[in-house]
Amino acid sequence: MAQLSDDCFAFSGPLMPVEEAERLIVERVSPVAESEDVRLSEARGRVLAADIVAPISLPPFANSAVDGYAVRHADLAREGDTRLPIMGRAAAGHAAGTGYSGGAAIRIFTGAPMPDGADTVFMQEDCRVEDGVVVLPHGLKVGANRRLAGEDVRAGSVALAEGTRLKPAQLALAAALGIDTVHVRRRLRVALFSTGDEVAEPGTPLTEARIYDANRRLLSELLIAAGADVTDLGILKDTPDSVATALAAAAGHDLIVTSGGVSTGEADHVRDAVERIGRLVFWRIALKPGRPVAMGVVGGAAFVGLPGNPVAAFVTFVRVVRPLLARLSGAKLEPLVALPVRAAFSYKKKKGRREYVRVSLSHADGVVSAQKFPREGAGVLSSLTETDGLAELPEDVTKVAPGDTIGFLPYAVLMG
Ligand code: AMP
Ligand code: MG
């Protein structure tokens with residue numbers, strides 16, 4: 001499990017700014033130490049435990065970027081077309097022939113090694129062939145359409161740094177370098193609970209006054225997408241003992257995530273339970289939807305108690321669990337860069353807290369506009385399925401007017 005000290009999240013302020021919460025996570029939590037070798041085909045989402053130093057250069061040899069004719073640039077006329085006899089053929093996967101010394105063009109195909117002495121390639125679309133002679137237009141620069149050995153990655157350089165999360169592009173780069181096994185940190189072990197007497201398991205009959213558990217599905221999928229091994233521990237009743245016993249039993253995980261039961265209502269036992277068996281620092285984060293979020297330590301596990309309303313659970317996952325997972329897993333935290341879009345709505349907000357508004361995008365006349373979802377409730381799940389992402393309204397903003405530029409975070413990034 002991750003080794004956390006009891007006071008690692010200590011904060012005494014009334015409402016913790018989001019930035020401060022993220023900073024504390026990065027500062028006070030350390031990554032899991034264990035690492036292992038895994039096959040590239042099994043490595044998606046894993047985090048490199050060591051740099052990958054390129055064993056070869058990419059490309060490994062100079063080659064043609066196009067189908068066409070390879071020439072020695074010095075043979076080209078200063079003005080007008082150049083006519084060169086076609087000599088030989090260079091195809092991908094075949095060693096370049098030797099013996100080229102200029103004065104001719106070599107028929108070449110994409111990926112074929114550049115023949116020694118040739119330095120420039122004309123695209124076939126730009127050339128004309130007449131009786132074994134190729135007519136080359138004027139104006140191509142030396143080195144055009146040639147890929148030099150090592151221009152992508154140089155042998156011996158760090159191609160992928162420790163802390164890199166292996167996504168399709170990173171895996172492709174490792175494959176291109178000939179690597180089939182990577183050294184990665186072990187997966188995080190995350191225990192997941194829902195809480196609430198009203199919360200029922202999908203697939204069972206819905207009895208009076210109950211709702212189906214949406215959060216466990218949502219959070220489980222988000223955790224898996226973030227590369228964690230999730231232990232699904234079901235739904236806890238709203239009693240102090242059941243919550244405390246279950247959380248204590250899950251303390252061998254790196255992280256325990258719950259939803260519901262963290263407000264100040266009489267049936268909100270998660271806080272008390274964590275205080276009894278571990279240490280809780282109630283992070284009332286200056287975040288909407290989201291506040292309250294409970295953060296603490298149970299045994300050696302980090303603990304995050306998310307709010308019960310699904311949209312609040314999602315937003316707090318993004319702002320609290322996501323950076324915590326990145327830190328615990330040893331991954332570099334990729335900052336969430338909100339893209340500028342034009343607001344197509346009015347909105348008032350309180351100063352001093354960060355707000356996330358669910359919006360749909362539309363595109364007209366080169367401008368991307370964001371329209372707010374009409375129903376704001378933190379329990380409105382269709383507001384997540386019917387929109388494209390979150391508009392991020394920073395702490396100092398107090399209102400949004402149509403035409404304002406606002407930041408947009410796509411679900412494709414937040415849920416990926
Ligand atoms: P709580 O934070 O426990 O006060 O819950 C806030 C709201 O979220 C209540 O309306 C709960 O019924 C609802 N809720 C709690 N847990 C879940 C869940 N797992 N899935 C869907 N809704 C939930
Ligand atoms: Mg509850």
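On a 1 Å grid over the protein atoms alone, a pocket is an open set of points where a 1.4 Å probe fits, with protein on both sides within 12 Å along at least five of seven lines. A molecule sits in a pocket if more than half of its atoms lie within 2 Å of its grid points. Start the tour by selecting ligand 1: the space it takes is the second largest pocket.

Before you click on, know that this is a predicted model, where local features need pLDDT of at least 70, side-chain atom pairs count only at pLDDT 80 or more, and totals for chains, interfaces and linings use all residues. Residues are numbered from 1 along each chain as its sequence is written, chains are lettered from A and ligands numbered from 1 in the order in which they are written, and side-chain values use heavy atoms, leaving out hydrogens and water.

**Stop 1: around the ligand**

Show everything with a heavy atom within 4 Å of ligand 1. You get 16 residues, and the closest are Glu198, Asp213, Ala214, Gly261 and Gly308. By type, the shell holds five nonpolar, eight polar (Gly counts here) and three charged residues (Asp, Glu, Lys or Arg).

Now look for polar contacts, pairs of N or O atoms within 3.5 Å. On Glu198, a polar side-chain atom is 2.5 Å from an oxygen atom of ligand 1. Next, Ala214 puts a polar backbone atom 3.0 Å from a ligand nitrogen. Asn215 has a backbone N or O atom 3.4 Å from a nitrogen of ligand 1.

**Stop 2**

The whole structure has one aromatic pair, meaning ring centres within 6.5 Å. Select Phe314 and Tyr411: they sit edge-to-face (planes over 60 degrees apart), with 5.8 Å centre to centre and 70° between the planes. Phe314 is in helix α6 (residues 310-328) and Tyr411 in helix α8 (residues 411-414), 97 residues apart; helices here are H or I runs of at least four residues.

**Stop 3**

Go to Pro59, between β2 (52-53) and β3 (63-64). The Leu58 to Pro59 peptide bond is cis, omega near -15°. Then try Pro289, in the loop between β19 (287-288) and β20 (293-298); a cis bond joins Lys288 to Pro289, with omega about -10°.

Key. A polar contact is a pair of N or O atoms within 3.5 Å; within protein, one must be able to donate a hydrogen and the other to accept it, and residues adjacent in sequence count only if both atoms are side-chain atoms. On a 1 Å grid over the protein atoms alone, a cavity is a set of points where a 1.4 Å probe fits but cannot get out, and a pocket is an open set with protein on both sides within 12 Å along at least five of seven lines; lining residues have an atom within 4 Å of a point. Rings of Phe, Tyr and Trp (its six-membered ring) pair if their centres lie within 6.5 Å; planes under 30 degrees apart count as stacked, over 60 as edge-to-face and the rest as tilted. Helices (H or I, at least four residues) and strands (E, at least two) are DSSP runs, numbered from the N terminus.
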